[in-house]
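Thanks for coming. Please have a look at it first.

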Amino acid sequence: MKKILAVLLLLAAYTFAANLTIEGKLEAIPGKMPSNDLYSYVYIFKYKVTKVVAGSFKGKEILVGVYNPLIARGQVKDKMAAKAKGNVRTFKAGDKHTLKLIPLEGSWDGATEDEYFDDDAPRYLATEVNQ
């Protein structure tokens, strides 16, 4: 019974956290994204928030992790496919995207490429990125 309750609480927390959807402009791509034949990773981008579509976010910028960004959204075929949806084929500075986000912490425990190591802002994981 305790396990069932714990699972329900985790699902409720995930559902609540998954309610952040923003529209934003990809500000820059710092550094170079590693090739996907080396390993799987989440790459951290900085977006300028232009609109909060769902959920609550007060900042003007947000740090967003994207799983294996060199693979088009919707084309990821591994265990992270459910967290790599959307229609974006490539990520380019200046592009405008709609992003469905969840907290990165607790959602990803693999390699993270993060050039914003001096920025202590929370990181989010994009589960869907659309143009």
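**Charged pairs, rings and cores**

I start with a salt bridge between the side chains of Glu61 and Lys46, at 3.8 Å from N to O. By salt bridge I mean a side-chain nitrogen of Lys or Arg within 4 Å of a carboxyl oxygen of Asp or Glu. Before going on: this is a predicted model, where local features need pLDDT of at least 70 and side-chain atom pairs count only at pLDDT 80 or more, while totals for chains, interfaces and linings use all residues. Residues are numbered from 1 along each chain as its sequence is written, and side-chain values use heavy atoms, with hydrogens and water left out.

Back to the pair. Glu61 is in strand E3 and Lys46 in strand E2, 15 residues apart, so this bridge links distant parts of the chain. Strands here are DSSP runs of E, at least two residues long, numbered from the N terminus. At 40% relative accessibility, Glu61 counts as partly exposed, whereas Lys46, at 17%, counts as buried. The cut-offs are these: buried is under 20% relative accessible area, exposed is over 50%, and partly exposed is in between, with a 1.4 Å probe and protein chains only.

How many salt bridges does a search of the whole structure find? The search finds three. In general, side chains of opposite charge can pair when their charged atoms come close. Another of these bridges joins Glu128 and Lys100, whose closest N and O atoms are 3.7 Å apart. Glu128 lies in strand E7 and Lys100 in strand E5, so the pair ties together parts that are 28 residues apart in sequence. Lys100 is partly exposed, at 40% relative accessibility. Then there is Arg123 with Asp114, where the closest N and O atoms are 2.9 Å apart. Arg123 counts as buried at 15%, and Asp114 as partly exposed at 22%.

Next, the rings. The whole structure holds five aromatic pairs. Rings of Phe, Tyr and Trp (its six-membered ring) pair if their centres lie within 6.5 Å; planes under 30 degrees apart are stacked, over 60 edge-to-face, and the rest tilted. Phe45 and Phe91 have ring centres 5.2 Å apart and planes at 20°, so they are stacked. Phe45 is in strand E2 (residues 41-54), while Phe91 is in the loop between strand E4 (85-86) and strand E5 (96-103), so the pair ties together parts that are 46 residues apart in sequence. Phe45 and Phe91 are both buried. With Phe57 and Tyr124 the centres are 6.2 Å apart and the planes at 85°, so that pair is edge-to-face. Phe57 lies in the loop between E2 and strand E3 (61-67), and Tyr124 in strand E7 (residues 123-130), so here the tied parts are 67 residues apart in sequence. Ring pairs also link Tyr43, Phe45 and Phe91 into a cluster.

Phe45 and Phe91 come up again in the largest nonpolar core, which has 20 residues; both are among those with the most contacts inside it, as is Tyr47. Such a core is a set of buried Ala, Val, Leu, Ile, Met, Phe, Trp, Tyr and Cys residues joined through side-chain atoms within 4.5 Å. Strand E1 (20-28), E2, E3, E5 and E7 are the elements that give two or more residues to this core, and E2 gives the most, with five. A second, separate core of twelve residues includes Tyr67, Ala84, Trp108 and Leu125.

Which side chain does His97 meet in a polar contact? The partner is the side chain of Tyr47, at 2.8 Å. A polar contact is a pair of N or O atoms within 3.5 Å; within protein, one must be able to donate a hydrogen and the other to accept it, and residues adjacent in sequence count only if both atoms are side-chain atoms. His97 lies in strand E5 and is buried, with a relative accessible area of 2%.

Last, Asn68. Most residues other than glycine have a negative phi. Asn68 is not a glycine, yet has a positive phi of about 40°. Asn68 sits in the loop between E3 and E4 and is buried, at a relative accessible area of 4%.

How values were computed: Helix = DSSP H or I, 4+ residues; strand = E, 2+ residues; numbered from the N terminus.
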